[in-house]
Every structure is written in structure tokens, then in C-alpha cells.
Amino acid sequence: MAKRVLVTGASGYVGGRLVPRLLDAGYDVRVAVRNPQRLRDYPWADRVEIVKADLTVAGEVTAAVEGVDVLYYLVHAMGAGGDFEKSESLAATTVATAAKNAGVSRIVYLGGLHPDGPLSPHLRSRAEVGRILLDSGVPTAALQAGTVIGSGSASFEMIRHLTEVLPYMPAPKWVRNFIQPIAVRDVLHYLVAAAELPPEVNRTFDIGGPDVLRYGQMMNGYALEAGLKQRPIASLPVFTPWLASQWVNLVTPIPRALAVPIIASLQYDCVVRENDIDDFVPLPEGGLTGYRRSVSLALGKERAGEVETSWQDSSVYGAPSDPLPSDPQWSGHTVFTDLREKHTQASPAELWRVVEGIGGENGWYSFPLAWAARGWADKVVGGVGLRRGRRNATRLGIGEALDWWRVEELDRGRFLRLRAEMRVPGPAWLELTVTPDHEAADPDAPGAVYRQRAVFFPRGLGGRLYWMAILPFHGVIFAGMARRITLTAEKNTAARAAAPTDGQSAPSNRS
């Protein structure tokens with residue numbers, strides 16, 4: 001029988017790519033997530049067993065590890081605040097205990113390269129998680145990887161935006177530190193192979209690509225692969241890690257909460273100190289992928305719209321995560337709503353194309369300057385801002401990031417609910433619904449009804465004042481949004497009807 005593998009962190013950047021490779025390698029895969037609904041639209045979801053488990057809850061973890069041979073621990077807290085070290089330690093201890101009691105034969109952990117001595121809180125926490133798993137009594141392979149380069153990785157996106165936006169880069173002194181990046185494909189190669197390590201192996205392994213570079217060289221290596229001029233870089237000692245994280249937050253789509261741990265890891269030289277993994281795992285076919293080749297592959301994937309997973313898939317620390325309660329549960333609570341409804345001659349299918357294509361490059365169909373200003377304001381206070389975009393220009397999935405929203409519910413062709421991840425004093429949602437217009441005058445061309453509902457649960461006085469302050473703008477922004485969405489759908493419906501049926505491309509739904 002095939003080995004049963006449990007993957008934690010399957011909705012994350014690496015985990016979401018590891019699962020299909022384990023399936024292709026013949027393993028029986030189980031994944032543990034706090035919200036199974038988030039995996040509904042993953043292409044491999046119907047090939048795995050999905051279990052609900054919070055890694056800090058012993059009972060849920062015990063059920064998840066039952067009958068498991070190999071456990072992959074790929075969970076990291078990427079927030080910049082809160083007592084994340086305590087939470088990570090608790091989760092690792094809970095999983096280690098459950099794995100030992102269940103007779104799991106192998107744990108595989110992905111951590112990060114780090115030097116000896118004092119470390120940043122995030123690097124220190126990752127090292128501590130590795131120690132807990134190694135001391136669990138279950139044979140553990142703790143892979144310590146360099147900066148991961150691949151389409152959609154946070155490190156790659158940070159390099160890309162810093163290089164493309166800035167023709168001249170005043171930078172912190174850490175741009176002169178040495179780093180050994182590794183292609184995500186090589187990380188996955190080692191992770192899959194680690195499941196078959198001999199039972200006596202219980203140790204850390206350093207893994208990195210073939211190139212050791214300064215961070216500034218990585219940025220200019222990206223520039224060359226992207227067809228840009230190399231950027232002059234000035235190393236300035238006045239750039240503290242805190243200031244650098246604010247700079248990255250403003251210049252790139254990476255929110256401050258995620259920039260902090262990335263920058264903290266760049267304060268040190270992080271290079272491979274041993275290559276012992278070579279004694280157990282052969283190199284990938286063709287050898288390890290060089291840095292510039294990694295960049296070229298990542299750019300190609302992004303241009304082709306073939307990004308498997310993205311840093312955007314990770315949960316944002318501090319953002320609301322509870323789903324919108326049902327309307328009857330609102331009783332006794334203060335709730336503000338903005339409701340819009342429009343009848344349109346556009347077909348329901350065409351109207352839905354516009355709805356599902358919203359955000360990113362297509363925009364929000366109402367006052368782009370106002371949306372951009374709100375996005376910048378959110379970035380200034382450490383939020384995700386409006387520049388996360390979307391992974392695919394036409395198709396959304398449950399749990400996917402969409403600018404400053406997260407797709408919470410999706411009934412394709414009919415209903416889309418977005419949960420706000422911007423910094424606001426209370427949880428907020430935006431619902432877009434498409435239904436056929438059964439009351440239309442022409443029953444042969446019924447058209448559609450577009451319904452739009454914004455819902456806000458204010459938190460304290462600040463939440464109420466916030467809603468009142470923006471209320472005058474809602475009449476313009478939300479009304480304009482409903483009007484432009486339906487108008488765009490009508491134009492696209494007319495264009496499709498007039499287009500010759502010779503296989504020509506469909507019209508765009510951009511506004």
C-alpha cells in the first residue's frame with residue numbers, strides 16, 4: 001500500500017505545490033487545514049483527504065495524524081505582531097506529541113538558513129520549531145532553505161517590485177550581505193525525496209542553490225533577466241530594519257506584516273554550511289537551478305498566467321478571518337449595509353464574466369483615483385493595500401487574494417463574497433450577485449439582475465465614526481460601481497452578438 005502522508009500548510013505557497021507532486025509520486029495524501037473550504041478550488045482537492053485541524057488543538061491534531069506514515073510541517077506565522085513565537089512553539093509541540101503517539105515514522109520540516117548566534121524573532125522561532133520536532137522522538141529531517149525564488153514567492157515579488165519601480169535604490173546595508181537563494185522547484189525536489197530518508201536520519205540539512213550572491217546582486221540579476229538596466233545601489237547605514245520594512249511596504253505589494261520577517265532574515269549572511277543532503281538525495285535532473293535561471297522561469301510562469309501558488313494565498317496577520325455570519329445572527333448587533341440593485345439587458349453569463357474579472361488590472365469600475373488613494377492609505381498604516389492584484393485575470397478561487405479582499409465564498413455564475421483585509425475598525429464584506437431577470441419585458445432575452453451589498457460590523461465608536469465619514473463617498477463609489485459593471489456587461493453582450501462566429505477572440509471586460 002502507498003504511504004499515507006499528512007501535509008500541514010497545504011494552502012500556503014510551498015504546501016500548495018508540494019501536494020500534487022506527492023500525489024504524482026504515488027503517495028496517499030491527507031491535508032490538514034483550519035478551514036477546509038479554502039481548498040475547494042485547488043485542482044488537486046478531489047484527489048486528497050481533507051481534514052479540519054487547528055495545530056494548537058491537541059484533539060484535532062490527534063485525529064489528523066492517525067494512520068499517517070510521513071508528516072510534512074510547513075506552517076509558519078508570517079505576521080509582524082502578536083505573540084507568534086509562543087503560538088509557533090505550541091503548535092510544533094502539539095504536532096510533535098501527536099506524531100509520536102500515533103507512530104508516525106518521519107517528519108519533514110521546512111525552515112530557513114540561519115547563522116549561529118543571536119537571531120531575529122522569526123528566524124529564532126523557525127529554529128526553535130525545528131528543535132522541537134527533532135526532539136520529538138520521531139525521525140525528523142529539518143530542511144533549512146535559502147531565499148526561495150519562484151513565481152509568486154514573497155521574496156521574488158519583493159525583488160521584482162523593488163527593481164522595477166526604483167531606477168536608483170538607496171538601500172539598507174544588508175544589500176551587501178551574502179545569500180544563497182534556491183529555486184522553488186529544487187525545494188520541492190528535496191521535500192519529496194525526504195519522505196524516503198532512512199529511519200536513523202534525525203537532523204538538519206542545509207539546502208541552497210548553486211549561487212552565493214549579495215542581495216544587491218540578486219536585484220540586478222533580476223533586472224538583466226527582465227530586460228531592465230542594472231540599478232545603482234547605495235548602501236545606507238541609516239536604514240534600520242523598521243524603516244526598511246516601511247519602505248518595502250510602500251514600494252511593493254508586500255504588506256508590512258510580511259515584509260518584516262523577510263527583511264529580518266536579510267540582516268545576516270545566510271549561506272549553506274554543509275551539503276550533507278547530497279549523501280542521501282541525488283541532485284535534480286540537470287542539477288540545481290541557478291539564480292538567474294530561477295528568475296527566468298518565474299517570469300515565464302507569470303507572463304503565461306501559470307502561477308501555481310502565491311504569497312497572496314497566505315493568511316494576513318491581524319486581518320479578520322471569520323466568515324460573514326448569516327443575517328439572522330445579526331440580531332442585537334450594529335450592522336451597516338449599502339445595497340444596490342440594477343436590472344440590465346446583459347446576459348447573466350456576460351454579467352458574471354465582468355463580476356468574476358473584477359479587481360487587479362480590470363479595476364473596480366468606479367473612481368480609480370479614489371480606490372488607489374484608499375489603497376495607499378491602507379499601505380501607510382501597514383495593510384495589504386490595493387496592489388496585490390489577482391493571480392488569474394478571469395477566474396477566481398475560494399481563499400484567493402483579490403487586491404485588499406479575500407474570496408470567502410464563490411458560487412460560480414451566481415455569487416461572489418469578498419472579505420476585507422484592509423485596515424478598518426471592524427470586519428467588512430462585499431457581495432456581488434447575478435441572477436436572471438424573470439421580470440424582463442422580453443422573455444426570450446430576459447437579461448440579468450445585479451445585486452451588490454456591502455456589510456460592515458463597526459468596532460466601537462471608531463467603527464461608527466469611520467462608516468459615517470465614508471458614507472458620502474458610498475453614494476458615488478458604490479452606485480458608480482454597480483452602474484459601470486452592468487454597462488460593461490451590456491457592451492460586451494452587444495459586442496459578442498455582433499462578432500462573426502469564426503473563432504475570433506471574445507471582447508474584453510475591462511473598463
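**Cavities, a pocket and helix packing**

Tutor: The largest cavity holds about 100 Å³ of space, and please keep in mind throughout that this is a predicted model.

Student: How many cavities of 30 Å³ or more does a search of the whole structure find?

Tutor: Searching the whole structure gives two cavities of 30 Å³ or more, and the second largest cavity has a volume of about 40 Å³.

Student: OK, back to the largest one: which residues lie nearest its centre?

Tutor: Its lining consists of 13 residues, and those nearest the centre of the largest cavity are Leu162, Ala171, Pro172, Trp174 and Trp247. Two or more lining residues come from each of β8 (169–172), α7 (215–225) and α8 (241–251), with β8 giving the most, namely four residues.

Student: And what's the split by class in that lining?

Tutor: For the largest cavity the lining has 13 nonpolar residues, with no polar and no charged residues.

Student: Then which residues line the second largest cavity?

Tutor: The second largest cavity is lined by Ile149, Pro181, Ile182, Ala183, Gly209, Pro210, Asp211, Thr289, Gly290, Tyr291 and Ser294. The elements that contribute two or more residues to this lining are β10 (182–183) and α10. By class, the lining of the second largest cavity divides into six nonpolar, four polar and one charged.

Student: Switching to pockets, what volume does the second largest pocket have?

Tutor: The second largest pocket has a volume of about 910 Å³, and of the 39 residues that line this pocket, Gly360, Glu361, Arg388, Gly389 and Arg390 lie nearest its centre.

Student: Which element gives the most to that lining?

Tutor: That is α12, with six residues in the lining of the second largest pocket; α5 (154–165) and α12 (368–380) each supply at least two residues there. As for class, the lining of this pocket has 12 nonpolar, 15 polar and 12 charged residues.

Student: Since α5 came up, at what angle do α5 and α10 pack?

Tutor: Helix α5 and helix α10 (residues 291–303) pack at an angle of about 90°, with their axes 12 Å apart, and α5 and α10 are therefore roughly perpendicular to each other. In this contact, Phe156, Glu157, Ile159 and Arg160 of α5 meet Tyr291, Val295, Ala298, Leu299 and Glu302 of α10. The residues of the contact between α5 and α10 comprise six nonpolar, no polar and three charged. Tyr291 of α10, which takes part in this contact, is also among the residues that line the second largest cavity.

Student: How about α5 and α9, at roughly what angle do they cross?

Tutor: The axes of α5 and helix α9 (residues 256–265) cross at roughly 95° and come within 11 Å.

Student: Why does that count as roughly perpendicular?

Tutor: Angles of 65 to 115 degrees count as roughly perpendicular, and α5 and α9, crossing at roughly 95°, are therefore described in that way. Their contact is made by Ala154, Ser155 and Met158 on the α5 side and by Leu258, Ile262 and Ile263 on the α9 side, and by class the contact of α5 with α9 has five nonpolar residues, one polar and no charged.

Student: Last one: how are α2 and α3 set against each other, and which way does the crossing go?

Tutor: Helix α2 (residues 58–65) packs with helix α3 (residues 84–102) at an angle of about 45°, and their axes are 9 Å apart. The two helices α2 and α3 are therefore oblique to each other, and α2 passes α3 in a right-handed crossing. On α2 the contact involves Ala58, Val61, Thr62 and Val65, while on α3 it involves Thr94, Val95, Ala98, Ala99 and Ala102. The contact of α2 with α3 has seven nonpolar, two polar and no charged residues.

Technical notes: Residues numbered from 1 in each chain as written. Predicted model: local features only at pLDDT ≥ 70, side-chain atom pairs only at ≥ 80, totals over all residues. Heavy atoms only, no water. 1 Å grid on protein atoms, 1.4 Å probe; cavity = no way out; pocket = protein on both sides within 12 Å on 5 of 7 lines; lining within 4 Å. Points joined across faces, edges and corners; volume = space filled by probe spheres on them. Nonpolar A, V, L, I, M, F, W, Y, C, P; charged D, E, K, R; others polar. Axes fitted to C-alpha atoms, helices over the stretch in contact; angles between N-to-C directions. Parallel < 35°, antiparallel > 145°, perpendicular 65-115°, else oblique. Left-handed = near helix turned anticlockwise from the far one by under 90°. Contact = heavy atoms within 4.5 Å.
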